[in-house]
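Thank you all for coming; I would like to take a few minutes to walk through one structure with you. Please have the sequence and the 3D view open while I talk.

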Amino acid sequence: MNRGIATALLSIGLAQFLKIPIQKVRTGKWDWGVFFETGGMPSSHSAGVSSLATFIALKRGISTIDFALSTIFGLIVMYDAQGVRRQTGELSIRVNDLYEDLDRLEKQQKRAELHEEKEEKIKEVLGHQPQEVLGGALLGVATGALSYRISKK
């Protein structure tokens, strides 16, 4: 397999795995399901693109088109992770709150009508806070540099 791809995929997997103990510290509970969720610390998107750009920079040099492409691609991904996707997550929180408000109003008015209960909320954690993107980027730089050092041996 291409070493750059392997480095990026390893970095993504490592970032997703690190979310588990970080969640344990925050909540006091082990939640292995967080491995498959989007959002949270560190950003696996940022880790993946940063590790790829770092590996390319060290392997091929910063003046190559490979590095330019990976860097611009990475910046777009990180901007999207903390911008558009984060805003979508915040909108989801508001939609879920609105549903709960409507549900409370219906119960207070004690309508005889039955309404369909919503079984699951819209996923609220889609994007990242800026510090989560930075954390993923730093993890990616470290992973990319380590991968380069190992490949030189």
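Predicted model: local features only at pLDDT ≥ 70, side-chain atom pairs only at ≥ 80, totals over all residues.

Let us start with helix H1, which covers residues 3–27. At 1.5 Å a residue, its 25 residues should span 36 Å, and because the end C-alpha atoms are 36 Å apart, the model agrees with that expectation. At the start of H1, a side-chain oxygen of asparagine 2 comes to within 2.7 Å of the backbone nitrogen of glycine 4, while after the helix comes glycine 28, with a positive phi near 85°.

Which residues of H1 are buried? They are Gly4, Thr7, Ala8, Ser11, Ala15, Gln16, Lys19 and Ile20. An α-helix has 3.6 residues a turn, so residues three or four places apart point the same way. What covers the buried residues of H1 includes helix H2, residues 44–60, and helix H5, residues 130–152.

Staying with H2, we find alanine 57 in this helix. The C-alpha atoms of alanine 57 and phenylalanine 67 are separated by 5.7 Å, although these residues are 10 residues apart along the chain. Leaving aside residues up to four places away in sequence, alanine 57 touches Ile62 and Phe67.

Finally, threonine 64 sits in the loop between H2 and helix H3, residues 65–82. Is threonine 64 buried or exposed? Threonine 64 counts as buried because its relative accessibility is 17%, and buried means under 20%. A polar atom of its side chain lies 3.0 Å from the backbone oxygen of glycine 61.

Technical notes:
Residues numbered from 1 in each chain as written. Heavy atoms only, no water. Helix = DSSP H or I, 4+ residues; strand = E, 2+ residues; numbered from the N terminus. Expected span 1.5 Å × (residues − 1). Buried < 20%, exposed > 50% of the residue type's maximum accessible area, 1.4 Å probe, protein only. Contact = heavy atoms within 4.5 Å. Polar contact = N/O pair within 3.5 Å; in protein donor to acceptor, adjacent residues only side chain to side chain.
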